[in-house]
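User: I would like to learn how to read a few local features in a model. Can you take me through them one at a time?

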Amino acid sequence: IFLPQNLDKRKSLFTFKIEFQSLTHFKLNFNTILILRKTITFNLMDRKETLKRKFDFTDDDESTDEVLHENSRRLTIADDITNRIDLLNSVFSSSDPDIGSAQNALVFLSEYAKDDDMVDSMVVCGVVPALVKVLRMVSNGGDFDADTCDVEKECVYILGLIAPKPEYQQLIVDAGALPCLVELLMRPKALGVSQSLFSLLLGRVADAITNLAHENINIKTLVRLEGGIPPLVDLLESTDTKVQRAAAGALRTLAFQNAENKDQIVECDALPTLVLMLGSEDPAMHYEAVGVIGNLVHSSPEIKREVLLEGALQPVICLLSSPCLESQREAALLIGQFATTDSDCKIHIAQRGAIKPLIKMLKSSDLQLREMSTFALGRLAQDSHNQAGIAYNGGIEPLLNLLATKNPSVQHNAAFALYALADNEDNVPLIIKADGLQKLQDGHFSVLPTQECVAKMLKRLEEKMQGRVLKQMLYLMRSGEKVVQKRVALALAHLCSADDRKTIFIDNNGLELLLDLLESTIKKQKREASAALHTMATKGIGASIVDLAPTSPTSQVYLGEQYVNNPLLSDVTFIVEGKLFHAHRVCLVSSDIFRIMFDGGYREKEAKDIEIPNIKWNVFELMMRFIYTGTVDVDLDVAPDLLKAADQYLLDGLKRICESVISEDISVENVSLMYMMSDTYNATSLKYSCILFILEQFDKLSSKPWYCHFIRCIKPDIRNFFSTLLTMPKHAD
């Protein structure tokens, strides 16, 4: 039998095509059986042999037997459900035989209703209107005894099992169940009904309302309009704890995101009883109570104040240490809500002992508990006294660890709390000691508000890095454990101002700590050191790489473009690759080499024609153009040869131009060759550009087999670079 896969379980009529196929690969769905039960009139077990012959089955096909047996069993159940619902729909009196038949039918239906698959089928067969019809009949009959109470109890129980499914909630309401449920809450106990049976009925009614109104704002409102809230509040004072819990559970659901319901619950004077329930030794009791209060105070400042006036604060704080995990979660959330009331309330919460258990929750394996505790601590940390208390009780490190969690809510709450804690100057060194800066920088924050919060915290840490905080950091860098010294040095490289860098990294040895990390055996430390040094070299320094290179003291005289290779007034001729270049001695003295050549005791002093070997004509022409004009356009192709010539003739200005052009071409593949070039031609600017590139591109370069050896070789140059950078006079803006 082939059936469509997308049959709507809620409809009773379907159009489908029946085709005979192998039953060995098909098992009838229970709901489909209900739909087909009146169409398929033959008994599968009786027709087994016929089916086997038709589909060419073998006698030893055990899978076919199993499928046929299961389908037969399901058809039997379908018939049973239909028959029992038909019985409930039949008109009967309150006589013992009719009541007994109804009780029997309801017992079986309640067992079926415990199976989700069966619930769908029962609804298709019309169980909801049948149950409501029975409730109305019993109510209208007026004879309330143990048997009728038992019938009502079972009807309510089945409705409660159906109600959690959102698609059936409105169906139950439309069938008229809600007035029946509220009427049962308000009905007094009959003389012939035992207290235990009556309490069980009330508990099931409250549970049914809870399930029916779950995440359904319209039904929550209907419960209030039907008058269901006052009797539920009255049940909070029941002598039966199960009834109390059930009533609290219903009120908790009704209060969630429904302002009118919340107001009525408070008007019915539920708060005193709920606060008393917080102190119950029954975990289920205080869990429901704290849940009701949490929903009442959410987005309701006035109710929050009333709850605090009723004395809820201390019992809620006590629940933070409850053995009931659910109560801990609700209590932590409620503490966070209380903490938004005013500054005094934040202080009172801390004074009464909430901080320690909240910090303990940060280390819990329960994700929701971590979320609620970070929420509460973030609100408490808005007070300066609490900022110190949270840090003193060890809250900083677990909050930093939670930045690495993949849950966006926990991550954001932790970042928010840390941002508040960083406002306290005494906490800044503690954050740095706990490797907080690296955790903030390395974290992967999935939502924009968290990213913005982390950015603001880094800015706050930077602003705090002065005065007393800086002195504390310097003390830690000098006297702390080695790992702390390195963490502080790394942090200061990112956070301190340019004015303080000489004091930190030259006078207090911070530079050596960073250089040592470059040779660490731990890749993460090398990466962090590279990033810190690169930041220090590029952030807030008013100098460029060119400014750091030494300059020639020789004064420059430029004749101008019109005299380049001009025989007019020329008093010396250079021969390069057989070509003549007409020059002027007065201009050439800007080069220390030419000056020595013409002023010293060399034969070139009096010579009119001087041959220049080992240099190309185009390179020589560019060099001379620079000597005459002080500037020249250099492309990458000629830059290395021109750099060599500039170094040979001690033309520092030309070297800088060449170095600048070559620096633009530094890459992962050629940086080592570029560095060798800078060494060969004393190209300080090029060397410093290579150093910055090496620091910036750690991730790409560190995988190279030559990297570690290379770093060891250039470490003295890195030291010289930063010593020069950090000790040079500050440039005016």
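User: How much helix and how much strand does the chain hold over residues 227-262?

Analyst: This is a predicted model. Residues 227-262 are 72% helix and 0% strand.

User: Which residues of helix α23 are buried?

Analyst: Buried means under 20% relative accessible area. In α23, residues 384-392, the buried ones are N386, Q387, G389, I390 and A391. They pack against α20, α21, α22, α24, α25 and α26.

User: What is found at the start of α23, and what follows the helix?

Analyst: At the start, a side-chain oxygen of D383 comes to within 3.0 Å of the backbone nitrogen of H385. After the helix comes G394, with a positive phi near 85°.

User: Now A417. Is this residue buried or exposed?

Analyst: Apply the cut-off again: under 20% is buried. A417 counts as buried because its relative accessibility is 0%. Its place is in helix α25, residues 408-421.

User: Which residues is A417 in contact with, beyond its neighbours within four places in sequence?

Analyst: Contact means heavy atoms within 4.5 Å. With those neighbours left aside, A417 is in contact with T374, L377, G378, A381 and L399.

User: How far apart are A417 and R379 in sequence and in space?

Analyst: Read the two separations side by side. A417 and R379 are 38 residues apart in sequence. Their C-alpha atoms are 7.3 Å apart in space.

Key:
Residues are numbered from 1 along each chain as its sequence is written. This is a predicted model: local features need pLDDT of at least 70, side-chain atom pairs count only at pLDDT 80 or more; totals for chains, interfaces and linings use all residues. Side-chain values use heavy atoms; hydrogens and water are left out. Helices (H or I, at least four residues) and strands (E, at least two) are DSSP runs, numbered from the N terminus. Buried means under 20% relative accessible area, exposed over 50%, partly exposed in between (1.4 Å probe, protein chains only). A polar contact is a pair of N or O atoms within 3.5 Å; within protein, one must be able to donate a hydrogen and the other to accept it, and residues adjacent in sequence count only if both atoms are side-chain atoms.
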